[in-house]
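I wanted a quick tour of this chain before doing anything else with it. These are my notes, in the order I looked things up.

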Amino acid sequence: MILRYYADADVREWHDHTLRLFRTLYDTHGIAVEIDRIDEQHGTITDFPGEIRSSTPGDVYERDLKRNRALNQTIEQTPSEAFKRYGKPDIAGNVAVVDDEETVQWASTLSGYANGYRPGVASQTAMDFLEDIATDPSNRLCVECLSLLDGDETFCPECGYEFP
Ligand SMILES: [Zn+2]
(Lines give C-alpha, C1' and ligand atoms only; values in the text may rest on other atoms or scores of the structure.)
Protein backbone atom coordinates (compact mmCIF):
# COMPACT_ATOMS: atom_id res chain seq x y z
CA MET A 1 0.00 0.00 0.00
CA ILE A 2 0.96 3.59 -0.48
CA LEU A 3 -0.09 6.98 0.79
CA ARG A 4 -0.93 9.42 -1.98
CA TYR A 5 -1.17 13.20 -1.73
CA TYR A 6 -3.27 15.07 -4.25
CA ALA A 7 -1.27 18.27 -4.37
CA ASP A 8 -1.22 21.16 -3.94
CA ALA A 9 -3.43 22.16 -1.04
CA ASP A 10 -4.69 25.71 -1.58
CA VAL A 11 -3.04 27.12 1.49
CA ARG A 12 0.74 27.04 1.40
CA GLU A 13 0.95 26.14 5.08
CA TRP A 14 -1.18 22.98 4.70
CA HIS A 15 0.81 22.02 1.64
CA ASP A 16 4.12 22.32 3.46
CA HIS A 17 2.75 20.57 6.51
CA THR A 18 1.41 17.69 4.45
CA LEU A 19 4.82 17.25 2.82
CA ARG A 20 6.47 17.31 6.24
CA LEU A 21 4.09 14.65 7.55
CA PHE A 22 4.61 12.47 4.49
CA ARG A 23 8.39 12.64 5.01
CA THR A 24 7.92 11.76 8.69
CA LEU A 25 5.69 8.79 7.85
CA TYR A 26 8.25 7.55 5.38
CA ASP A 27 11.21 8.07 7.71
CA THR A 28 9.75 6.79 10.95
CA HIS A 29 7.27 4.15 9.78
CA GLY A 30 8.63 3.18 6.37
CA ILE A 31 5.32 4.01 4.71
CA ALA A 32 5.58 4.43 0.94
CA VAL A 33 4.45 7.84 -0.26
CA GLU A 34 3.76 9.54 -3.57
CA ILE A 35 2.26 12.68 -5.01
CA ASP A 36 -0.16 13.35 -7.83
CA ARG A 37 0.33 17.00 -8.57
CA ILE A 38 -3.01 18.14 -9.95
CA ASP A 39 -2.94 21.81 -9.01
CA GLU A 40 0.61 23.05 -8.88
CA GLN A 41 0.78 26.41 -7.14
CA HIS A 42 3.48 26.35 -4.47
CA GLY A 43 6.72 25.84 -6.38
CA THR A 44 9.06 22.92 -6.80
CA ILE A 45 8.90 20.03 -4.34
CA THR A 46 12.38 18.92 -3.40
CA ASP A 47 13.72 16.21 -1.18
CA PHE A 48 10.64 14.00 -1.36
CA PRO A 49 11.14 10.26 -0.76
CA GLY A 50 8.65 9.08 -3.38
CA GLU A 51 7.40 9.54 -6.89
CA ILE A 52 5.93 12.89 -7.94
CA ARG A 53 3.66 12.83 -10.99
CA SER A 54 1.93 15.59 -12.85
CA SER A 55 -1.73 14.95 -13.49
CA THR A 56 -5.07 16.67 -13.84
CA PRO A 57 -8.01 16.66 -11.41
CA GLY A 58 -10.19 15.06 -14.09
CA ASP A 59 -7.79 12.19 -14.73
CA VAL A 60 -7.30 11.51 -11.03
CA TYR A 61 -11.05 11.58 -10.46
CA GLU A 62 -11.67 9.07 -13.23
CA ARG A 63 -8.83 6.79 -12.18
CA ASP A 64 -9.10 6.82 -8.38
CA LEU A 65 -12.47 8.02 -7.17
CA LYS A 66 -15.27 7.66 -9.68
CA ARG A 67 -17.55 4.70 -8.93
CA ASN A 68 -15.00 3.34 -6.45
CA ARG A 69 -16.95 0.83 -4.34
CA ALA A 70 -14.22 0.30 -1.76
CA LEU A 71 -14.04 4.03 -1.17
CA ASN A 72 -17.80 4.29 -1.04
CA GLN A 73 -17.75 2.05 2.03
CA THR A 74 -15.11 4.00 3.95
CA ILE A 75 -16.28 7.57 3.43
CA GLU A 76 -19.59 9.08 4.42
CA GLN A 77 -20.49 10.71 1.14
CA THR A 78 -20.40 9.13 -2.28
CA PRO A 79 -17.20 9.86 -4.21
CA SER A 80 -19.08 12.17 -6.57
CA GLU A 81 -20.54 14.14 -3.64
CA ALA A 82 -17.19 14.35 -1.93
CA PHE A 83 -14.90 15.10 -4.83
CA LYS A 84 -17.02 16.66 -7.53
CA ARG A 85 -18.62 19.81 -6.31
CA TYR A 86 -20.75 21.77 -8.75
CA GLY A 87 -19.74 19.38 -11.52
CA LYS A 88 -16.03 20.09 -11.20
CA PRO A 89 -13.44 17.85 -9.55
CA ASP A 90 -12.42 19.30 -6.17
CA ILE A 91 -9.64 17.03 -4.97
CA ALA A 92 -6.42 18.97 -4.35
CA GLY A 93 -5.32 18.98 -0.70
CA ASN A 94 -6.67 15.52 0.06
CA VAL A 95 -4.75 12.33 0.78
CA ALA A 96 -5.57 8.72 -0.07
CA VAL A 97 -4.64 5.22 1.05
CA VAL A 98 -4.03 3.10 -2.04
CA ASP A 99 -3.73 -0.70 -2.02
CA ASP A 100 -1.45 -2.89 -4.10
CA GLU A 101 -4.10 -3.24 -6.81
CA GLU A 102 -4.02 0.56 -7.19
CA THR A 103 -7.48 0.88 -5.63
CA VAL A 104 -8.07 3.83 -3.35
CA GLN A 105 -9.35 2.29 -0.11
CA TRP A 106 -9.83 5.54 1.80
CA ALA A 107 -9.44 9.21 1.08
CA SER A 108 -9.88 12.34 3.12
CA THR A 109 -12.88 14.28 1.93
CA LEU A 110 -12.21 17.60 3.61
CA SER A 111 -8.91 19.33 3.31
CA GLY A 112 -10.15 21.41 6.22
CA TYR A 113 -9.93 25.13 6.76
CA ALA A 114 -7.68 27.48 8.71
CA ASN A 115 -4.74 25.21 9.43
CA GLY A 116 -6.18 22.14 7.80
CA TYR A 117 -7.98 20.85 10.85
CA ARG A 118 -11.67 20.67 11.39
CA PRO A 119 -13.04 19.85 14.85
CA GLY A 120 -16.05 17.51 14.81
CA VAL A 121 -15.24 16.01 11.44
CA ALA A 122 -11.59 15.23 12.10
CA SER A 123 -12.03 11.74 10.66
CA GLN A 124 -12.52 13.30 7.24
CA THR A 125 -9.63 15.73 7.05
CA ALA A 126 -6.24 15.10 5.54
CA MET A 127 -4.15 16.69 8.27
CA ASP A 128 -5.90 15.01 11.19
CA PHE A 129 -5.50 11.66 9.48
CA LEU A 130 -1.79 12.15 8.80
CA GLU A 131 -1.09 13.38 12.32
CA ASP A 132 -3.00 10.46 13.77
CA ILE A 133 -0.80 8.00 11.93
CA ALA A 134 2.39 9.92 12.60
CA THR A 135 1.80 10.11 16.35
CA ASP A 136 -0.25 6.98 17.04
CA PRO A 137 0.03 4.45 14.24
CA SER A 138 -2.37 1.99 15.84
CA ASN A 139 -5.21 4.48 15.73
CA ARG A 140 -6.08 4.83 12.05
CA LEU A 141 -3.74 2.66 10.09
CA CYS A 142 -1.60 -0.44 10.63
CA VAL A 143 1.95 0.63 9.84
CA GLU A 144 2.88 -2.95 8.94
CA CYS A 145 0.36 -3.55 6.16
CA LEU A 146 -1.37 -0.16 5.93
CA SER A 147 -4.81 -1.56 6.65
CA LEU A 148 -7.38 0.92 7.85
CA LEU A 149 -8.36 0.55 11.51
CA ASP A 150 -11.24 1.59 13.74
CA GLY A 151 -8.92 2.91 16.41
CA ASP A 152 -9.60 0.48 19.27
CA GLU A 153 -7.83 -2.64 18.00
CA THR A 154 -4.98 -4.21 19.96
CA PHE A 155 -3.74 -6.08 16.91
CA CYS A 156 -4.21 -5.65 13.18
CA PRO A 157 -7.09 -7.79 11.85
CA GLU A 158 -5.36 -7.97 8.46
CA CYS A 159 -1.80 -9.00 9.27
CA GLY A 160 -1.92 -9.84 12.98
CA TYR A 161 0.65 -7.21 13.96
CA GLU A 162 0.33 -6.47 17.68
CA PHE A 163 0.37 -2.79 18.50
CA PRO A 164 2.91 -1.69 21.08
ZN1 LIG B 1 -1.57 -4.94 9.50
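**Entry 1: the whole chain**

I noted at the outset that this is a predicted model. I listed the secondary structure and got six helices and seven strands. Read along the sequence, they follow the pattern β-α-β-β-α-α-α-β-β-β-β-α-α. I then looked up the radius of gyration, which is 15 Å. The globule rule gives 15 Å for 164 residues, so the chain is as compact as a globular protein of that length. Along the principal axes, the C-alpha atoms fill a box of roughly 40 × 35 × 30 Å. I checked burial too: 35% of the 164 residues count as buried. For contacts with a separation of 6 or more, I found that 47% join residues 24 or more positions apart.

**Entry 2: strand S1 and its partners**

I started the strands with S1, residues 2-7. Five of its six residues are buried, so S1 is largely enclosed by the rest of the structure. Which strands does S1 pair with? One is S6, joined to S1 by four bridges in the antiparallel sense. The other partner I looked up is S2 (residues 33-37), which pairs with S1 in the parallel sense over five bridges. On the S2 side, Ala7 stands opposite Arg37. Helix H1 (residues 12-29) lies between them in a β-α-β unit, and the unit is right-handed.

**Entry 3**

Next I moved to S6 (residues 95-98) and S7 (residues 104-107). They run antiparallel and are joined by three bridges. Ala96 pairs with Ala107 of S7. Five residues separate the two strands of the hairpin. In that turn I picked out Glu102, with a positive phi of about 70°.

I then looked up Trp106, which lies in S7. Beyond its neighbours within four places in sequence, Trp106 is in contact with Leu71, Thr74, Ala96, Val97 and Leu148.

**Entry 3: the nonpolar core**

The largest nonpolar core has 36 residues. Leu3, Tyr6, Phe22, Leu25, Ile91, Val95 and Leu130 have the most contacts inside this core. I listed the elements that give two or more residues to it: S1, H1, S2, H2, H4, S6, S7 and H5. I followed one of the core residues further. Leaving aside neighbours within four places in sequence, Leu130 is in contact with Thr18, Leu21 and Val95.

In H5, I found Ala126, Met127, Phe129, Leu130 and Ile133 buried. Their directions fall within an arc of 160° seen down the axis, so they line one face of H5. These buried residues pack against H1, S6 and H6.

I made the same check on H2. Val60, Tyr61, Asp64 and Leu65 are buried. They cover an arc of only 100°, which puts them on the same side of H2. An α-helix has 3.6 residues a turn, so residues three or four places apart point the same way. On the face turned away from the buried side, I found exposed Asp59 and Glu62. Just after H2, Arg67 takes a positive phi of about 45°.

**Entry 4: two last residues**

I looked up Glu13 in H1. Glu13 counts as partly exposed, because it has 13 C-beta neighbours inside 10 Å. Its C-alpha lies 9.9 Å from that of His42, 29 residues away in sequence.

Gly160 sits in the segment after helix H6. With 10 other C-beta atoms within 10 Å, Gly160 is exposed. I took one distance here: Gly160 and Cys145 are 15 residues apart along the chain, and their C-alpha atoms are separated by 9.5 Å.

Key
Residues are numbered from 1 along each chain as its sequence is written. This is a predicted model: local features need pLDDT of at least 70, side-chain atom pairs count only at pLDDT 80 or more; totals for chains, interfaces and linings use all residues. Two strands pair if DSSP finds at least two bridges between them. A residue is buried if 20 or more other C-beta atoms lie within 10 Å of its own, exposed if 12 or fewer, and partly exposed in between; C-beta atoms are placed from the backbone. A crossover is right-handed if, with the strands pointing away from the viewer, the path from the first strand over the helix to the second runs clockwise. A nonpolar core is a set of buried Ala, Val, Leu, Ile, Met, Phe, Trp, Tyr and Cys residues joined through C-beta atoms within 7 Å. Two residues are in contact if their C-beta atoms, placed from the backbone, lie within 7 Å. The arc is that of the directions from the helix axis to the C-beta atoms. The radius of gyration is taken over C-alpha atoms; the globule rule is 2.2 Å times the number of residues to the power 0.38.
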